[in-house]
Amino acid sequence: MAWLLLLGAASLEVVWATAVGRSDGFTRPWPTVIGIAAAVTSFVMLSIAMRDLPVGTAYAVWVGLGAVGVVLVGIAAGESASPLRLACLALIVLGVVGLKPA
């Protein structure tokens with residue numbers, strides 16, 4: 001259950017980071033509200049997951065998957081998808097997978 005919460009928290013990290021990026025410095029109300037709500041929910045889910053997972057592992061997985069997700073959203077919106085950038089994303093995913101205890 002902790003891993004599912006952590007994956008949900010990472011997914012919401014993608015939502016809040018994307019929304020904050022589109023809030024134009026918190027001047028656009030809907031992206032701001034969505035970003036804040038998703039951030040709070042993401043933090044709560046992360047903290048609950050940390051009850052059963054090591055703090056370092058949980059945080060690294062949360063940040064890593066969130067970062068990869070935000071970059072993929074950016075690529076879908078037209079940002080560069082160069083081979084080097086994609087290789088670096090693959091390294092982040094490999095690192096996250098390597099942190100999962102056996």
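Predicted model: local features only at pLDDT ≥ 70, side-chain atom pairs only at ≥ 80, totals over all residues.

Residues are numbered from 1 along each chain as its sequence is written, and side-chain values use heavy atoms, with hydrogens and water left out.

**Stop one: α3 against α4**

Select residues 55-76 for α3 and residues 83-99 for α4. Helices here are DSSP runs of H or I with at least four residues, numbered from the N terminus. The two axes cross at roughly 155° and come within 9 Å; axes are lines fitted to C-alpha atoms, for helices over the stretch in contact, with angles from 0 to 180 degrees between N-to-C directions. That makes α3 and α4 roughly antiparallel (under 35 degrees is roughly parallel, over 145 roughly antiparallel, 65 to 115 roughly perpendicular, the rest oblique). The crossing of α3 and α4 is left-handed, meaning that the near helix is turned anticlockwise from the far one by less than a right angle; clockwise would be right-handed.

Now show side chains. Among the α3 residues in contact with α4 are Val61, Leu65, Val68 and Leu72, and the α4 side includes Leu89, Ile92 and Val96. Contact means heavy atoms within 4.5 Å. By class, the contact of α3 with α4 has 13 nonpolar, two polar and one charged residues. For those classes, Ala, Val, Leu, Ile, Met, Phe, Trp, Tyr, Cys and Pro count as nonpolar, Asp, Glu, Lys and Arg as charged, and the others, Gly among them, as polar.

**Stop three: Thr57**

Which residues does Thr57 touch beyond its neighbours within four places in sequence? They are Trp3 and Leu99. Thr57 itself sits in α3 and is buried because its relative accessible area is 14% (buried is under 20%, exposed over 50%, partly exposed in between, with a 1.4 Å probe and protein chains only).

**Stop four: the loop between α1 and α2**

Asp24 is exposed at 53% relative accessibility, and has a positive phi of about 55° although it is not a glycine. Phe26 is found in that loop too, with a positive phi of about 65°. Most residues other than glycine have a negative phi.

Move on to helix α2, residues 29-49, and pick Ser47. Ser47 is partly exposed at 41%. Draw a distance from its C-alpha to that of Leu5: 9.3 Å, across 42 residues of chain.

Last, select Arg85 and Glu79, whose side chains meet in a salt bridge at 3.2 Å, N to O. The structure holds one salt bridge (a side-chain nitrogen of Lys or Arg within 4 Å of a carboxyl oxygen of Asp or Glu). Both partners are partly exposed: Arg85 at 26%, Glu79 at 43%.

Definitions and conventions: Helix = DSSP H or I, 4+ residues; strand = E, 2+ residues; numbered from the N terminus.
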